[in-house]
Amino acid sequence: MTKEALLTPINEKYDELKQALKGTDIKKIRELALEVHGMVHPAEISGRTEKTIADYVLDHMLAGNQNVIVPREDCEVDLHYAGTKTVPLCWQLWHTYRIEDLVSNILMMDQGQIFNEEWKRRIGASITDTGNALEFDEAAAFGKGIHAEALREYMIEVGKNTRGILENLTLEQVQSMVPEEWVMRILEEGGVTTDFRSVWLLVFWGRLTRGGMILTPLTGHHMMHLPPCLNTIVCRKAASGSLSVSSADFGLTGMEFRNT
């Protein structure tokens, strides 16, 4: 599969979603939000029949590679507020789904997040926040404690829950911002820390409409983190001889999601 074949459909639907969010057709907004969400999450979440970019990354993690070190992301702006620029593979999935859980439930719906002490124990997580401010040694130690299958189960529950929210959004909700006290709940519940590399997320999210949250934390954010993981996976497979072509020939080197 080439880079273009994998990413072009996502980019095209993402652009359609951006345009729809400028209008008032809530049925179209819901449909496109669900379609893009399905394209950047494991197929099990949406019931898709073909593998998604998320499936390739998740499958590799579940095959005993949760602590393979990967670039955190390709977005240099965000990396200015990061503790480490390289992380264990499992950190990427923890980070994106913790953010999705926090944003979809607390910010979009003012309801309880899925994550709790039981999930923390099952996953083997040493933190409750998104992991933004972890230094490399801290991120590496975090990865060694993670139970990959439990993390997968958390991802599936978060993703399915988000789809239920997207299916029922009203136009008024999509176009509105949320109260400051909802944003601060994330800090109070341990979703971010007081470290500036973590707490800046509250400022960013607090400036978004719910429509903006659909575009960034719930869909586009996943595509800041998945392509660098996939690049590493392809390079590892090519180096081990499990691919008959080089990573460059495979077309997945230097993948870049056009999030503009």
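**A helical protein and its aromatic cluster**

Among contacts (heavy atoms within 4.5 Å) in the protein between residues at least 6 apart in sequence, 71% join residues at least 24 apart. The model is predicted, and local features need pLDDT of at least 70, side-chain atom pairs count only at pLDDT 80 or more, and totals for chains, interfaces and linings use all residues. Residues are numbered from 1 along each chain as its sequence is written, and side-chain values use heavy atoms, leaving out hydrogens and water.

The secondary structure comprises 15 helices and two strands; these are DSSP runs, with helices (H or I) of at least four residues and strands (E) of at least two, numbered from the N terminus. Of the 260 residues, 54% count as buried, where buried means under 20% relative accessible area, exposed over 50% and partly exposed in between, with a 1.4 Å probe and protein chains only.

In helix α8 (residues 136-144), the residues A139, A140, F142 and G143 are buried. They lie on the same side of α8 because they cover an arc of only 160° around the axis, taken from the directions from the helix axis to the C-beta atoms. The buried residues of α8 pack against β2 (86-88) and α6 (89-109), whereas the face turned away from the buried side carries the exposed residues D137 and K144.

Ring pairs link W94, F115, W119, F142 and Y154 into a cluster. Rings of Phe, Tyr and Trp (its six-membered ring) pair if their centres lie within 6.5 Å; planes under 30 degrees apart count as stacked, over 60 as edge-to-face and the rest as tilted. W94 and F115 are both buried.
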